[in-house]
Amino acid sequence: MAASKLQSFWNHPAGPKTIFFWAPTVKWGISIANVVDFSEPAERISYPQQVALMCTGLIYSRFSMVITPKNWNLFGNSIFMAGTGLYQVTRKIRHDYMAELTEAKEQSQKSLRSQDLH
């Protein structure tokens, strides 16, 4: 049973004997690198890079389902890549814009406190 499954996988049109297997497999390295970057400070995140990863993930997830044979390795990787790109863009937006709002709120509270003291 296991031998026939292994042989079926080996001889699949998107199996390890084809580029359709190896290209998405190597592409997982980009996604994993993006996950490692979750620990980096948000100010080091690049909008163009993360938007490109997000769009690439969305485009290739669709592409992987319309080609023959369907490439589930490419689909999984592309969805994961779009998700990590979206998460990084969200982190950057929160850092760039929410920090300003929090800072302004703190300033207004300080000015209100100082007015109450006088």
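What percentage of the 118 residues in the protein do buried residues make up? The share is 27%, where buried means under 20% relative accessible area, calculated with a 1.4 Å probe and protein chains only. This is a predicted model, in which local features need pLDDT of at least 70 and side-chain atom pairs count only at pLDDT 80 or more, while totals for chains, interfaces and linings use all residues. Residues are numbered from 1 along each chain as its sequence is written, and side-chain values use heavy atoms, with hydrogens and water left out.

The secondary structure consists of four helices and zero strands, arranged along the sequence as α-α-α-α; helices here are DSSP runs of H or I with at least four residues, strands are runs of E with at least two, and both are numbered from the N terminus.

As to dimensions, the C-alpha atoms fill a box of roughly 85 × 25 × 20 Å along the principal axes. The radius of gyration, taken over C-alpha atoms, is 23 Å, whereas a compact globule of 118 residues would have one near 13 Å, according to the rule of 2.2 Å times the number of residues to the power 0.38. Of the contacts (heavy atoms within 4.5 Å) with a separation of 6 or more, 67% involve residues 24 or more positions apart.

Confidence is expressed as pLDDT, the predictor's score for each residue from 0 to 100; the protein averages 89, and 97% of the residues score at least 70.

Conventions. Buried means under 20% relative accessible area, exposed over 50%, partly exposed in between (1.4 Å probe, protein chains only).
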